[in-house]
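Here is a friendly walk through one chain, meant to be read with the structure open beside you. Let's take a look.

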Amino acid sequence: MVGRFAPSPTGIMHWGNASTALVAWLQVRAEGGRMLLRMEDVDPQRSKPEFADGWRRDLSWLGLDWDEEVAPQSQRGPRYAEALANLASQGLVFACRCTRRDMEEAVSAPHGSFMGSYPGTCADGRWPLDGAGARRLRYPDDAVVLRRADGAKLRDEPAATGRSGLHDAVVLRRADGAKLRDEPATTGRLGLNDAVVLRRADGAKLRDELADTRRSGLHDAVVLRRADGAWAYQLAVVVDDMDQGVTHIVRGRDLEDSEPLQRFLHRAMGNLQPPEVAHAPLWMGPDGHRLSKRHGSVGVRNSGLEAAQAVGRMAHGLGLRDRPDACTPRELIDDWRARGPATLACGEVAAASFLPLHL
Ligand SMILES: [Zn+2]
């Protein structure tokens, strides 16, 4: 088992980050696996070396160790370029010169074609791949998905298209945010594999819902490289996880919608065994939104607690322990073995009930 901490050095470690890191560490250490640290500094404007140093210090302070620090994303551009070329050689990339405003206008037109959140304007290949513009992912038109966690297919149609196993999934929600299918709720996979489009090889739609949900496909045509040349997180993270042999990922539940897209990219790039992904609970502020800077000072190091107290509070909130007593991560390994699945199944934790917030 190989897991990773993958902080973005664009700010300090707050309670949500720390909790996710704790869960990731417990998952790997409970299995005797190997933990990597990777700085996801793919955004050159927002990433700062002093934040990366802060993360190393704060993880160590909490007692969360790692076995190796791998190359930061800022050094991996040539590898991402190779991956993009690989996808392009499969017809999975197009150049896009749309502005934000172009896209808003296109999706508000009454008969715009369905391409998910991107209106599809440039998907006809009107711009050369070696010219200006962003690079977007082109999903194949035919078929998709899906399997439930028990392995059963949700639909048989994709089998008939000849492309079936390849493309699992795109999460779809209606414009009002409702999921299209409930099945995933019962699969224990957190809504990851729900529903999907798109069209069969003969052009027929698999589902009619899509007709009125032009904006519902979250991941179609995602940007892989921005128009300014910066690499998109979604491409970088998949290439890194693949190259670094990551087998298990823990991240915050706010990122769960990324899983189908990332699985798609893994498979498209030849990794037929994408990492297992688990989603750690989110810490929620008193207003019902995910705890963040706008709630005030939510950094772990400036909470006034000692490290063991901070770990104990998080463990209590995560449901690993019944009491918030101070403890080290290592002392939680047995609790994790007993209660890990319940922890992961718990979607949200009311931060104010467990943590000393200075709001
Ligand atoms: Zn475009």
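## Helix 10

Helix 10 (residues 333-345) is 13 residues long, and from its first C-alpha to its last it reaches 18 Å, close to the 18 Å expected at 1.5 Å a residue. Keep in mind as you browse that this is a predicted model. Helix 10 also has a kink of about 70° at arginine 339, and the kink lies shortly before proline 341.

Which residues of helix 10 are buried? They are Trp336, Gly340, Thr343 and Leu344. An α-helix has 3.6 residues a turn, so residues three or four places apart point the same way. The cover over the buried residues of helix 10 includes helix 1 (15-30) and strand 8 (276-280).

Now turn to an open sheet of 3 strands, which has the order 4-5-6 and antiparallel pairing. Its edge strands, strand 4 (93-96) and strand 6 (223-225), each pair on one side only. From one strand to the next, the twist averages 45°.

Strand 4 pairs with strand 5 (residues 134-137) over 4 bridges, in the antiparallel sense. To find your place there, look for alanine 95, which stands opposite arginine 135 in strand 5. Helix 3 (residues 77-89) packs on this sheet and touches strand 4, strand 5 and strand 6. The direction of helix 3 makes about 105° with that of strand 4.

## The whole chain

Stepping back, the chain holds 11 helices and 10 strands. Of its 359 residues, 42% are buried. Among contacts in the chain with a separation of 6 or more, 75% come from residues 24 or more positions apart.

How values were computed:
Residues numbered from 1 in each chain as written. Predicted model: local features only at pLDDT ≥ 70, side-chain atom pairs only at ≥ 80, totals over all residues. Pairing = 2+ DSSP bridges. Helix = DSSP H or I, 4+ residues; strand = E, 2+ residues; numbered from the N terminus. Axes fitted to C-alpha atoms, helices over the stretch in contact; angles between N-to-C directions. Contact = placed C-beta atoms within 7 Å. Buried ≥ 20, exposed ≤ 12 C-beta atoms within 10 Å, placed from the backbone. Expected span 1.5 Å × (residues − 1). Bend = angle between axes of the 7 residues up to and from the residue.
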